[in-house]
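Please examine the sequence and the structure shown here before reading on. The explanation after them is written for a reader new to this structure.

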Amino acid sequence: MKQKLNAKDFILIGVLTALMWIICMIISTIMSVAGPVTNVFYPSVVAIPNGIVMMLLLAKVPKKGVFTICAAIQAILFLLVGAFWFIPIGLVIGGIICDFLVMGRKEITMKSMIVAYALFSAILAFSAICPIKFLQSAFVGAMEKNNIAPEYIEGMLNITSVPMLVVIVAAGLVGGLIGGFIGQKALKKHFIKAGLVSVK
Amino acid sequence: MEEAQIKQIIERQPLHGSALLDPRCKILLLVCIGFVSYFLAGEVVSLVLMLVYGLFIALGNGGKWAVKMIVTYIIVAYLNALLRYVQVPILSVIMSVFGVTVLKLIPIMMMGLWILRTTYMDDLMVALQRMRLPQAVTIPLVVMFRYIPTLRIEYRQIRSTMDIRGISDTLWKRVSHPLATIEYILIPLLMRCLKVTDELAASGTTRGLELECKRYALRTIRFAWPEIVVSLLGILFLAGLLLIDQTKIGEIILWRV
Amino acid sequence: MISFQNFSFRYEESPDFTLRGIDMTVQTGEFILLTGRSGCGKTTLIRSLNGLIPHFYPGEIQGDLVMDGHSLLEMKPSQLAGQVGTVFQDPRSQFFMTDTTRELAFGCENMGLSREETIERIAKAAKDLELVDYLNRSIFALSSGEKQQIAIGSVYALSPKVYIFDEPSANLDYAATKRLAEIMGKLKKDGYTIFVVEHRFYYLRDLIDRVFLIQDGKIEREFTREQFCTLPEKTRISYGLRTAYPERDAENYHEKERGSDGKHLLAVQDLAFSYKKGPDVFQNVSFEAHSGDVIGILGHNGAGKTTLLSILTGLLKQRQGEISFDGKKLTPRQRRALSYLVMQDTDYQLFASSVDEELSLGIKEDCKEKVDATLEALELSEYRERHPASLSGGQKQRVTIGAAIVKDSPVIYFDEPTSGLDYDSMVRVSNLIEQLSNSGVIVFVVSHDFEFIVRTCTEVVQLDDHGAIQNHRLSPGILKTLSEKYFN
């Protein structure tokens with residue numbers, strides 16, 4: 001694990017992050033159009049196909065820093081398309097944590113890959129949902145203006161506060177686990193079998 | 001053609017006005033807007049933010065884009081106001097939350113995509129390098145911007161083959177076997193990604209990509225007086241908006257049907 | 001001067017040496033062609049010249065490689081950037097920037113040259129290589145040939161002393177190949193040392209100084225230009241080499257018998273197509289194809305060959321006209337069911353995790369016997385458990401052809417099936433197509449490869465600038481006009 005990242009690794013990170021980004025954009029757009037409720041769950045759905053990509057990336061470049069770079073670049077793109085600043089910050093912090101978690105050990109294993117990926121996806125889900133908490137006053141204002149009964153507003157606040165947050169983060173975690181699991185199956189079925197990567 | 005003429009062609013500038021600012025200045029403004037937009041509650045100040053930055057963008061090759069986004073903004077704002085007539089309890093709660101979020105997002109998106117369109121890749125690389133960001137960020141970022149358009153072409157190629165071979169070619173097959181569909185699309189795409197990476201890396205390293213020299217772009221990239229003035233004005237303007245938002249003006253209701 | 005001194009190389013992941021005891025000395029200003037069968041080690045040889053070996057592809061080196069008195073082995077590829085310039089095979093995956101001018105400047109900017117110096121250099125590159133018309137354009141809007149020229153320009157701006165071309169014509173049409181030869185001729189005249197790795201080398205025949213034939217990692221023979229171009233056909237074929245004079249094939253052409261009795265008939269009538277709001281890509285396209293015909297679709301890049309293929313295979317809907325099979329009009333969906341398209345890039349066509357599974361993918365009924373028979377016929381039986389991605393390029397192509405046979409398509413389309421193939425593989429594809437046609441399949445081939453067309457096709461369909469199409473039985477007369485168009 002002492003090897004440093006080189007230009008080829010950076011390019012692979014760029015290429016695969018581009019793919020993950022596009023998948024993320026497509027799914028989040030579809031889910032936003034489908035309805036505001038499904039919208040908040042997009043990180044956990046995105047995590048499933050992206051699991052395949054991320055598992056390949058980790059297997060191909062088992063070096064320290066992959067998670068962080070990948071997260072940092074996605075963060076920059078999120079900034080460009082108007083995401084709340086909490087998402088980029090959450091992404092980078094999540095990336096750094098996962099890097100230490102996986103790469104702190106001597107060797108990257110299937111197990112550590114999947115754990116780190118699930119954690120990463122949970123952090124992403126958390127940072128995607130957090131704005132709701134921050135924007136609460138704005139929402140209340142909008143709802144009052146729209147003549148919504150105070151009881152409902154209260155109910156809404158309760159939902160967005162703790163239970164909803166827990167559910168969404170848990171969904172992110174589960175999505176990450178499923179994605180990682182499918183990703184590793186695909187890894188074994190295709191890339192390892194074809195001799196393109198090897199993982200312990 | 002003479003070399004002097006060719007040099008003129010090379011230096012010819014399709015960009016003008018605010019589009020010519022140093023990428024660092026544009027990014028700084030973007031981050032500030034991203035921060036402020038979510039904290040502005042008042043409808044008037046939010047619209048002012050939108051209009052002023054729309055004007056800023058229109059001064060730099062972004063006229064059409066700014067108009068499009070401002071129109072979108074107004075439509076969404078009106079639709080939001082219309083919600084008061086739709087009294088379906090849960091739905092209207094959710095819709096107003098959604099509408100508010102979209103309104104906060106539009107100014108940032110307007111600015112972000114404008115930056116993407118008006119920034120040359122080499123300017124960006126130079127700017128990022130001057131910000132002391134390592135190659136670990138600059139290379140993947142540049143590769144990414146270049147690879148996203150290619151991905152669409154490659155996806156189409158794969159889908160063509162799938163259609164001809166009868167693999168996940170009907171909506172029913174896609175819905176009933178979503179995972180298989182993902183696999184059939186992603187695996188060839190990833191194989192291709194691995195190949196492209198090898199070729200790009202070979203082509204890049206033989207042209208000195210790994211050298212960490214100080215870069216110079218085809219355009220002079222400097223954080224000079226115009227950038228300093230624009231950044232300061234931008235920040236002052238946003239701070240002012242935040243302040244005004246706390247006063248009576250912030251409470252004025254603009255969108256009423 | 002560059003000299004390989006008893007140079008051997010073994011890739012880290014491979015048990016055997018790929019290059020074994022190469023001794024070769026090349027003088028400054030020489031134009032060297034490296035050729036030989038696929039997998040002979042010629043690509044490995046040039047990778048050691050530009051520093052990719054050992055820094056990018058690690059492995060074990062023996063012997064030495066010296067350029068102008070210095071060993072190249074210690075130098076990283078980026079240090080060699082100003083000295084050795086490489087142009088790779090696929091122009092699509094060689095660029096980093098999104099516009100042409102910045103792509104030309106990319107190398108110079110990496111080297112940390114000043115702004116003035118960079119502009120100076122790319123202006124010179126644009127002038128010398130006649131790239132002015134391409135400046136300030138989006139790379140994505142360029143054709144393969146134009147991208148290739150920009151790639152050469154970007155290397156030229158670094159002003160290296162040595163140029164390396166790795167199968168540069170594999171993705172080019174004949175006009176772009178001609179242009180490539182002109183550029184190479186200019187580089188040679190200016191005294192640069194040039195190495196070219198190539199299978200289809202006819203366009204280099206007036207430029208070559210010496211040719212090295214590589215076999216199994218060793219230099220099998222060395223030729224001068226005269227020796228190489230006058231090799232007796234038998235010797236040439238025994239080395240697995242393509243011809244240097246494809247137009248001569250036209251002179252010795254014998255008309256082929258129609259393969260089968262014509263039990264199927266594909267008729268195209270009055271076809272026209274345009275993309276949304278755009279002008280017609282082509283119009284008035286009509287032709288007929290019978291079972292057993294092998295029809296070459298010819299035309300320069302941009303004439304609409306790929307679009308025509310997409311319509312025939314049912315991926316696009318025509319704007320006007322109809323396509324019928326045995327007298328029955330076909331919808332795009334029916335066309336998709338009838339046809340099979342073997343693409344130039346096999347990467348996009350392989351989905352399964354084993355060859356076996358690949359062949360039966362998308363087939364509803366039980367087809368085990370058929371898969372077995374097809375694998376046998378394509379000499380792929382021993383690879384049936386392997387992952388398609390682990391096979392060589394030629395083998396992957398055979399797997400996709402196998403899928404077509406199992407699908408039982410009565411019409412099969414090939415898009416540039418011989419790009420990057422050596423003589424043996426080209427002949428193999430040609431024979432496979434002949435077998436398909438004998439079994440009553442209608443075969444369409446889009447190709448720029450004259451040698452292959454002459455060997456394989458029974459008819460040609462020509463798309464010209466006005467979009468009209470001509471349908472001809474392949475005959476010595478037609479071939480003569482074609483060869484004049486290609487080679488003069």
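Predicted model: local features only at pLDDT ≥ 70, side-chain atom pairs only at ≥ 80, totals over all residues.

Residues are numbered from 1 along each chain as its sequence is written, and chains are lettered from A and ligands numbered from 1 in the order in which they are written.

Chain B contains 10 helices and zero strands; helices (H or I, at least four residues) and strands (E, at least two) are DSSP runs, numbered from the N terminus. The C-alpha atoms of chain B occupy a box of roughly 65 × 60 × 35 Å along the principal axes. The radius of gyration of chain B is 24 Å, whereas a compact globule of 257 residues would have one near 18 Å. This radius is taken over C-alpha atoms, and the globule rule is 2.2 Å times the number of residues to the power 0.38. Chain B is divided into domain 1 (16-120 + 222-251) and domain 2 (132-205), with bounds that come from an automatic or database domain assignment. Taken over C-alpha atoms, the centres of domain 1 of chain B and domain 2 of chain B are 33 Å apart.

Two helices of chain B, α7(B) and α9(B), pack at an angle of about 135°, and their axes are 10 Å apart. Axes are lines fitted to C-alpha atoms, for helices over the stretch in contact, and angles run from 0 to 180 degrees between N-to-C directions. The pair α7(B) and α9(B) is therefore oblique; angles under 35 degrees count as roughly parallel, over 145 as roughly antiparallel, 65 to 115 as roughly perpendicular and the rest as oblique. The crossing of α7(B) and α9(B) is right-handed, meaning that the near helix is turned clockwise from the far one by less than a right angle. Among the residues that meet here are B:Tyr155 and B:Ile158 in α7(B) and B:Pro188 and B:Leu189 in α9(B), where contact requires C-beta atoms, placed from the backbone, to lie within 7 Å. By class, the contact of α7(B) with α9(B) has nine nonpolar, no polar and two charged residues. Ala, Val, Leu, Ile, Met, Phe, Trp, Tyr, Cys and Pro count as nonpolar, Asp, Glu, Lys and Arg as charged, and the others, Gly among them, as polar.

The contact between chain B and chain C takes 51 residues from chain B and 57 residues from chain C. On the side of chain B that touches chain C, α1 (3-11), α6 (121-130), α7 (135-165) and α9 (178-205) each supply at least two residues. The largest share of that side, 13 residues, comes from α9(B).

Chain C has 17 helices and 20 strands. Within chain C, helix α3 (residues 100-110) and helix α4 (residues 115-128) pack at an angle of about 125°, with their axes 9 Å apart. Consequently, α3(C) and α4(C) are oblique to each other, and α3(C) passes α4(C) in a right-handed crossing. Finally, a contact between chain C and chain A takes five residues from chain C and seven residues from chain A.

Methods:
Contact = placed C-beta atoms within 7 Å.
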